[in-house]
Structure formats: C-alpha cells, structure tokens
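Here is a short briefing for a first look at this structure. Keep the sequence and the 3D view side by side as you read.

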Amino acid sequence: MPYVNIKITKEGATPEQKARLIQGATQLLVDVLGKNPNTTVVVIDEVDTDNWGIGGEPVTARRARGL
C-alpha cells in the first residue's frame, strides 16, 4: 500500500487543486511502479507559512519581501 505525503504551504489551494494533486500522485504511482490505485493513500498537509522555512527564514517573511 503506497503512502504519499504532499506538504504545501497554506496559501489557498482549492479543493479542486487538491483533488488534482491526489489524482496525479496516484496515477504517477500506477504509471511508474504499477501500483494499485485502490490501495494508494495520498495525504496533503497544509503548513502555515510561519512554520515553513527556506534559507534560514520563514516563508511569511520571504513572501513579504516578494520572494
């Protein structure tokens, strides 16, 4: 049973976009590894930008500077 954990920043991904991520990740495992889509688990974790850091600083600060 494959388990895929997708982590994204919490910046307004729509339910439709999340559904596409789930479908796409599932299909990728089917296409590349021949996995059964009925037993493939995909979890999307949305992380607040204050809790996600890049280059030693929170994403919130980077976004404020336009990065």
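T49 touches T9, E11, P58, V59 and T60, leaving out residues up to four places away in sequence; contact means heavy atoms within 4.5 Å. T49 sits in the loop between β2 (41-47) and β3 (53-54). With a relative accessible area of 12%, T49 is buried. Buried means under 20% relative accessible area, exposed means over 50%, and partly exposed lies in between (1.4 Å probe, protein chains only).

This is a predicted model, in which local features need pLDDT of at least 70 and side-chain atom pairs count only at pLDDT 80 or more, while totals for chains, interfaces and linings use all residues. Residues are numbered from 1 along each chain as its sequence is written, and side-chain values use heavy atoms, with hydrogens and water left out.

- β1 (3-9) and β2 (41-47) pair in the parallel sense over seven bridges.
- Two strands pair if DSSP finds at least two bridges between them.
- Helices (H or I, at least four residues) and strands (E, at least two) are DSSP runs, numbered from the N terminus.
- N5 stands opposite V43 in β2.
- T9 stands opposite V47, also in β2.
- β1, α1 and β2 make up a right-handed β-α-β unit.
- Right-handed describes a crossover whose path from the first strand over the helix to the second runs clockwise, with the strands pointing away from the viewer.

**The loop between β1 and α1**

- K10 lies in the loop between β1 and α1.
- At 51% relative accessibility, K10 is exposed.
- K10 touches E46, V47 and D48, not counting residues up to four places away in sequence.
- K10 and L21 are 11 residues apart in sequence, and their C-alpha atoms are 15 Å apart in space.
- E11 also has its place in the loop between β1 and α1.
- E11 is partly exposed, at 43% relative accessibility.
- Setting aside neighbours within four places in sequence, E11 is in contact with T49 and R63.

**Salt bridges**

- Side chains of opposite charge can pair when their charged atoms come close.
- The structure holds five salt bridges, each a side-chain nitrogen of Lys or Arg within 4 Å of a carboxyl oxygen of Asp or Glu.
- One of them joins E11 and R63, with the closest N and O atoms 2.9 Å apart.
- E11 lies in a loop and R63 in helix α2 (residues 59-64), so this pair ties together parts that are 52 residues apart in sequence.
- R63 is partly exposed, with 41% relative accessibility.
- R62 and E57 also meet through their side chains in a salt bridge, at 3.6 Å from N to O.
- R65 forms a salt bridge with E57, and here the closest N and O atoms are 2.6 Å apart.
- Shared partners join the salt bridges of E57, R62 and R65 into one network.

- T26 lies in helix α1, which covers residues 15-33.
- At 13% relative accessibility, T26 counts as buried.
- T26 touches P37, T40 and V42, not counting residues up to four places away in sequence.
- L28 is found in helix α1 too, but L28 is exposed, with a relative accessible area of 52%.
- L28, V32 and L33 form a nonpolar patch on the surface, with about 320 Å² of accessible area together.
- Patches are made of residues with over 30% relative accessible area and no salt bridge; like charges are joined within 9 Å, and nonpolar side chains (Val, Leu, Ile, Met, Phe, Trp, Tyr) within 5 Å.
- Accessible areas come from the Shrake-Rupley method with a 1.4 Å probe, and for residues only the protein chains shown count as cover.
- N38 is in the loop between α1 and β2.
- N38 counts as exposed, at 72% relative accessibility.
- N38 and T60 are 22 residues apart in sequence, while their C-alpha atoms are 37 Å apart in space.
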